[in-house]
Each structure stands twice: as structure tokens, then as C-alpha cells.
Amino acid sequence: MSQVEVSRMKTLVPLATLIGRELRNEKVEKPFVKYGQAALAKKGEDYFLIKPDCQWVPGNPSTSFSVFARPSGASLLLPNGINRDEWLQALPRALVAGFVKTDIEFQQKGETSGTTVTFVVIDGWTITVASVGDSRCILDTQGGVVSLLTVDHRLEENAEERERVTASGGEVGRLNVFGGNEVGPLRCWPGGLCLSRSIGDTDVGEFIVPVPHVKQVKLSNAGGRLIIASDGIWDALSSDMAAKSCRGLPAELAAKLVVKEALRSRGLKDDTTCLVVDIIPCDHPVLPPTPRKKQNMFSSLVFGKKYQNSMNKSTSKRSAVGVVEELFEEGSAMLAERLGKDFPLNSNSGLVRCAVCQVDQPPGDGITVNSGPFFSLASKPWEGPFLCTNCRKKKDAMEGKRRAVAQ
């Protein structure tokens, strides 16, 4: 199937429309979330965060959600007093701010060895994934379609990231050995990192950025399975191979089987870690087996790009099998494109909150994201969210305007 044909299939359904459907159907309940983990260590660097009992309003069970991350570290920075619709729409921007804030904290603590991150938030049937690096999250639906919810930030595979790194002042090339021969994968110099995005790699140049790719999708009420794994798995198995190797098995056994299949294919050459998360309808004790019959692409996958709140196109009722509706996707490394245009102002105190570190400061102590180097409060209106001085320096460094953040 051509790219043109695939693009014609894509249809966007606004988040508010989907939540409205749920509110009109009182029988719709949150699914069960079951998970299993398996790992074999080579270097001892892989680990997972598993928190199935989070609440975005503390003490209110109806606001519960689950977090699964490989590895953990980023925090969620969200405003208070919001409803579920607003919470889900705020998640992509909050995850971007959380990743950048965590990277700044690494630097302030003197940490120079970084990490890849895949951060998954599950709220009912809605899945939000933020990622930097080459760990991966895939979705296997009951329609038999395997979808990639992350983007690989390896320089070897990602031409857009190679262009961004060189435009920001970095160099991309292979390792030179004696005699001038080039070997190995493409790397970013200085430092020699194979990845263009990570958290905490502050010793290899500021153009290695912590700004994540974020994707948010909504499952049908048939549920689905997530496989979150380190590069030790994906260097050995394709997404389809990993999904097919464990279909029909409970999550705990499925994770072990994916690791076993990766070892059988490639051996233990790296940390090999896998987390399987099943999102199961309330009326099913386990995830139903995926049908063996090959599904028609037109009825098994509905994907679009970005929110369009003005769109109110009527859509047919979602199929009970295999339909995934995309709510949001954005991978830009530019903070001005990721943090929105609004900024929180405390009208009583006159303080403005930094969009990244969430610290209240006087407006004169920082600057807005879209302002130029000669920005003046007296001469220009607010342009985008407010950044404190330290977070603005981080933004400039990531865009190649400054080589280091002052401590």
C-alpha cells in the first residue's frame, strides 16, 4: 500500500468528542490493567518504573491512572483544578516540560551519564507515550495490527535528527580508526553518542536534547497490549516478531517469552528487558486471543495527527475490534512548538510560572519562549509561555544558540 493511500485512511477524532461518547454511554467502564516484566542483565543498566495506582487528583479514585516507564525519571507537571478532558489534553505538554526539567536536574547534580526514556501513561482507554532514545513501545490491538508508539532517535536511522544535530552545531560521523577507515554506526561528535535525544547526557553537547516525541491514542473497548522494551529486545526482534511471539499468553508469561525469543535470535549482547501491559475490558478476565485472520487495513487502523478542536465531523461507532484513534502526535525538538502559547499568571501576586520548572518568578526575571534576544516587556506583548532564566538558557543551548548552561 502506498503512502498516499495510507494518508487518505487517516481520520482525526477530537479528544472531547471521544470523551463525550463515553459520558453518553454510562455502561463504559475503565479497563483492567495487568502487567508482567522480565529481564536479563548484561551491563546492569536497565530498569523499570511501575506505578499502577496514581491519581491526578490525590484522594479521588475516579482520577486514577497508571504509569509504566523504561527507565523512570521524568515528573508530570500539571495544573490543579482540571477535569479529565483537560488533564488528557495537558499531558503531552506536561511530559515535554517534565523531560526537560529532569535533564536540567541531572546537570545541576553533576550527572554526565544519561539515559533513554519511554514513559507511558494509561488513563482508561487513552494511552500517552513520551520517549527519547531507542527504547520502544508498541501497541498490539485485537485486530492484529501492530503500531509503533515511539520514534527511534538513533542517528543511523533518523535523517531528520541528523539534520537537526548538524544545524545546531554538532557533527555526525562514524568512528575513525587507524588508517582513516570509518567503522560502526553514525555518532554525534563531540562525545560519540549514537543517539540524538536522551536525558542527562550533558557531556556530549547540548544538541543531544531531552525533548520527547509524544503520541496519544485511544483504544476501542476491545483493549490491547503494550510491549515496552529496551534496545536489547529491538536489536534482535522486529515489532511484529515481538508481538506475535507472545499473543494469547498472560502478561507475565508474555514478557518472559519475548526476552527468551530475543536471546534465541541474538544472544545476550546487551541488557534485555521487557514489560508487557494488557489493557483488558472489564468483562474479560484475560486479553482475548488475537484473530488469526488477516485484518483489512481500512477497518483495523484509524490514525490522524494532532488535536483539531474545531473539527466536529461525525464518525461511525468504533468497532469493538482493533480500532485505534490517534489524538495527538508531535516530535519537534523546539520548545517553542511544544509548550503552547498560554502562560499561567498569578493575578494576586503578579508572578509568572515557568513552563518547564514550574517555579513562580517576577516577569522581569525571565522571558517568553518566542521572544527574541532583544525582548522588552515594555515594547512587546507576551509571546508564548514564560521561561525562567535557567530554563531559557537550556532552550537556547538545545537550539545551538549557546554551548553551555550556567550553573
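Here is a tour in a handful of stops, each with something to select.

**Before you click**

This is a predicted model, where local features need pLDDT of at least 70, side-chain atom pairs count only at pLDDT 80 or more, and totals for chains, interfaces and linings use all residues. Residues are numbered from 1 along each chain as its sequence is written, and side-chain values use heavy atoms, with hydrogens and water left out.

**Stop one: the rings**

Select Trp 56 and Trp 87 and show their side chains. They form a stacked aromatic pair, 5.5 Å from centre to centre with 10 degrees between the planes. Rings of Phe, Tyr and Trp (its six-membered ring) pair when their centres lie within 6.5 Å; planes under 30 degrees apart are stacked, over 60 edge-to-face, and the rest tilted. Trp 56 sits in the loop between strand E2 (49-55) and strand E3 (64-70), while Trp 87 belongs to helix H3 (residues 84-108), so the pair ties together parts that are 31 residues apart in sequence. Helices (H or I, at least four residues) and strands (E, at least two) are DSSP runs, numbered from the N terminus.

Phe 65 lies in strand E3 and Trp 87 in helix H3, so here the tie is between parts 22 residues apart in sequence. Together, ring pairs link Trp 56, Phe 65 and Trp 87 into a cluster.

The cut-offs: buried means under 20% relative accessible area, exposed over 50%, and partly exposed in between (1.4 Å probe, protein chains only). Searching the whole structure turns up three aromatic pairs.

At 9% relative accessibility, Ile 104 is buried. Then select Ile 199: the two C-alpha atoms are separated by 8.8 Å, although the residues are 95 apart along the chain.

**Stop three: the loop between E9 and E10**

Next, go to Arg 197, in the loop that joins strand E9 (182-189) to strand E10 (213-219). Arg 197 is buried, with 3% relative accessible area. What lies by its side chain? A polar atom there is 2.7 Å from the backbone oxygen of Val 211, and the backbone oxygen of Gly 331 also lies 2.7 Å from a polar atom of the Arg 197 side chain.

In that loop between E9 and E10, pick out Glu 206. Glu 206 is buried too, at 7%. Its side chain makes a polar contact with the side chain of Lys 394, at 2.9 Å. A polar contact is a pair of N or O atoms within 3.5 Å; within protein, one must be able to donate a hydrogen and the other to accept it, and residues adjacent in sequence count only if both atoms are side-chain atoms.

Pro 190 is in the loop as well. Zoom in on the peptide bond from Trp 189 to Pro 190: it is cis, with omega near 5 degrees.

Jump to Gln 358, in the loop between strand E15 (351-353) and strand E16 (360-361). Gln 358 has a positive phi of about 65 degrees although it is not a glycine. Most residues other than glycine have a negative phi, and most peptide bonds are trans. Gln 358 is partly exposed, at 28% relative accessibility.
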